Amino acid sequence: MDATAFKKHSTSRGLTYNYYRFIGQADKPTLVFLHGFPNTASDWHKQVTFFQGEGYGLVVPDMLGYGGTDKPSEPEAYVGSALAKDILDILDAEHVENSILIGHDWGSQVVSRLANLHPDRFIAYGFVTVGYTPLSQDAFDAATLAAQYKSMVGREVLGYWEFFFAEDAASVIENHPDSFFNLFFPNPPSLWVEHVGPTGATRQWIESDRRSALPDFISEKEKEDFLKALLKGGLTGPLNWYKVKNLKLGDSQSSAQDYETTTKPVIYVGCSKDAICISKIISSIMGLFAKGPLTLRELDADHWVIWSHANELNRELLNWIKAIDA
């Protein structure tokens, strides 16, 4: 991604965001790509190269807590409605009136809140690995949610959240960055079943400084660059996306409840090898949000499909976008 195409904007709550901007063809919509944990805007580089070549406008921010964007230490700054307003402020600054949102991981939560709070501003909604996040999940009991997932899947899935909620989680990861990277970019993907899903397993892996081989879609140089960028900003901000949930703050009582469904086009792309974001379960409930055209796809990939299966993902998204334009 061209470093000169990144811009800065101070949002209405005084936070500075760093974001990539490309102005596309006038007859094509702008695509807004929102990343998740523990990524930055640059991790969408394969999507940026592809869709820029297709003539689409792009807005791709470093989300709050990451990269060149501000990193508030208070979890309260990461409430879903506030994150959504930050993105809207950037789009206003860029005079983008109608766009298509595409989120991966935690980015999907912000897509969800933008759909709830500002539905008049968007043409369609795309979700990758993580699906639509209901308003009720902005202020929930983590133990209850974990128990619900366990009952559906037949094993623990969200045990790693307990570690991420801990006060020392950032320092533990910062002291064992290679171990953290090897676990969260797993080879094989099934490592997540034993070492991420169960309570206590993630801390044990990282504190034990365990390692595994890199997946074939990540080089040693790419790993080094990724960790350098992540450690430069620290893990406090990224982990606050989790910790704010434990504070039971959120938007469940807001007027956004009127927009818990949409008739606009929606796509969900799940991954059959993602051991945490269970594609079949998420696909089965996407219809609770999407009351209009709903496209469901599953790729033979793990959570990091934006890298490992970029060509397939890009084609699926492009076909969906072209059908909207038709």
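Arg-297 is partly exposed, with a relative accessible area of 36%; partly exposed is the range between buried (under 20%) and exposed (over 50%), worked out with a 1.4 Å probe and protein chains only. This is a predicted model, so local features need pLDDT of at least 70 and side-chain atom pairs count only at pLDDT 80 or more, while totals for chains, interfaces and linings use all residues. Residues are numbered from 1 along each chain as its sequence is written, and side-chain values use heavy atoms, with hydrogens and water left out.

Who does Arg-297 pair up with? Its partner is Glu-316, and the two side chains form a salt bridge at 3.0 Å, N to O; the term stands for a side-chain nitrogen of Lys or Arg within 4 Å of a carboxyl oxygen of Asp or Glu. The pair ties together distant parts of the chain, with Glu-316 in helix α14 (residues 310–325) and Arg-297 in strand β8 (residues 294–299), 19 residues apart. Helices (H or I, at least four residues) and strands (E, at least two) are DSSP runs, numbered from the N terminus. Glu-316 is partly exposed too, at 22% relative accessible area.

Across the whole structure, a search turns up 14 salt bridges. One of them joins Asp-92 to Arg-121, with the closest N and O atoms 2.8 Å apart. Here again distant parts of the chain are linked: Asp-92 sits in helix α2 (residues 80–93) and Arg-121 in the loop between α3 (107–117) and β6 (122–128), 29 residues apart. Asp-92 is partly exposed at 36%, but Arg-121 is buried at 12%. Arg-121 also forms a salt bridge with Glu-97, where the closest N and O atoms are 4.0 Å apart. Glu-97 lies in the loop between α2 and β5 (99–104), 24 residues from Arg-121.

Now for the helix. In α1 (residues 45–53), Gln-47, Val-48 and Phe-51 are buried. They cover an arc of only 100° around the axis, so they lie on the same side of α1; the arc is taken from the directions from the helix axis to the C-beta atoms. On the other side of α1, Thr-49 and Gly-53 are exposed.

Last stop: Lys-8, in strand β1 (residues 6–10). With 52% relative accessibility, Lys-8 counts as exposed. Lys-8 and Tyr-19 are 11 residues apart in sequence and 6.4 Å apart in space, C-alpha to C-alpha.
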